[in-house]
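Hi everyone, thanks for coming.

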Amino acid sequence: MSAQQVENVAKLIPAATERRGGQRKLAARLEPFDSYWQAPADIDSGYARFAAYYRANYLPHLPADRSARILVVSCGPGYLVDLLRGAGYLDVQGIDSDPAKIAHAQRRQLPCETAEAFAFIEQNREPFDVIIPEQELNHLTLDEQIEFLDLCRRNLKPGGLLIVYGLNGANPLVGSENIAHNIDHFNTFTDYSLNQVLQLAGFENIKVLPLKLYVFWKNPLNYVGLAATSLLELFFRACFVLYGKDVKVLTKKLAAVCNSPR
């Protein structure tokens with residue numbers, strides 16, 4: 001998609017949000033996009049657990065340059081920020097709209113602050129090398145998704161990296177449940193539709209990836225879960241082929257890495 005096409009699309013997108021009292025109101029009511037909600041009841045136990053998850057799924061895609069400027073949106077207690085700092089990244093910033101969650105991050109002296117995602121990125125003046133939302137894109141409506149992704153693209157350096165993820169509607173076991181069990185889930189994706197949304201927002205080099213759940217290698221039961229889900233996903237893919245569908249990613253959740261235009 002050319003720069004002119006991107007601009008033309010942006011003009012057709014209606015305002016995805018309202019402003020009330022100077023604040024932006026998003027459609028999600030109980031679990032807003034700019035606040036991470038998946039922390040366990042014991043917040044502190046999540047730092048190690050989520051570190052294993054992000055190390056397996058995200059770290060291999062990040063730039064080798066440890067001075068890269070990275071923004072983590074909806075950082076919650078700072079799980080991903082903590083991992084990135086531990087991996088040697090020197091210029092990491094996390095934002096979350098919930099002060100209580102940010103308090104956990106600040107107690108660990110993590111570089112996180114309370115801020116709403118849209119407003120923070122709109123006011124940003126120095127582009128980032130990497131932007132990573134920790135919350136699923138499905139907590140935004142389609143119009144909100146396009147507006148948010150467009151903001152990210154315009155606040156990344158040329159060739160900058162975006163990593164996003166969402167709920168996979170193609171998984172026959174959990175695809176429909178993913179959207180039905182939460183009023184703040186407005187859609188699901190397949191590998192094809194996640195690519196579409198990112199293309200519409202003007203990103204390039206889009207690669208959609210499965211998100212691995214079973215990455216806790218010290219736990220023997222991890223290998224049982226890995227084997228079972230791998231066999232199920234292979235079976236599901238064969239079923240889709242029988243119906244003439246080329247669905248490549250069948251994990252519970254899927255992610256995408258992509259770049260802003262150079």
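A pair here means rings of Phe, Tyr or Trp (its six-membered ring) with centres within 6.5 Å; planes under 30 degrees apart are stacked, over 60 edge-to-face, and the rest tilted. Take tyrosine 36 and phenylalanine 50: their ring centres are 6.0 Å apart and the planes meet at 80°, so that's an edge-to-face pair. Tyrosine 36 is in the loop between strand E2 (23-25) and helix H2 (46-57), while phenylalanine 50 is in helix H2, so the pair ties together parts 14 residues apart in sequence. Helices (H or I, at least four residues) and strands (E, at least two) are DSSP runs, numbered from the N terminus.

Quick word on the source: this is a predicted model, where local features need pLDDT of at least 70, side-chain atom pairs count only at pLDDT 80 or more, and totals for chains, interfaces and linings use all residues. Residues are numbered from 1 along each chain as its sequence is written, and side-chain values use heavy atoms, leaving out hydrogens and water.

So, is phenylalanine 50 buried or exposed? It's buried, at 12% relative accessible area (buried is under 20%, exposed over 50%, partly exposed in between, with a 1.4 Å probe and protein chains only). Phenylalanine 50 also pairs with tyrosine 54, tilted this time, at 6.3 Å centre to centre and 35° between planes. Those two are four residues apart in helix H2, so about one helical turn separates them.

Zooming out, ring pairs link Tyr36, Tyr47, Phe50, Tyr53, Tyr54, Tyr58 and Tyr79 into a cluster.
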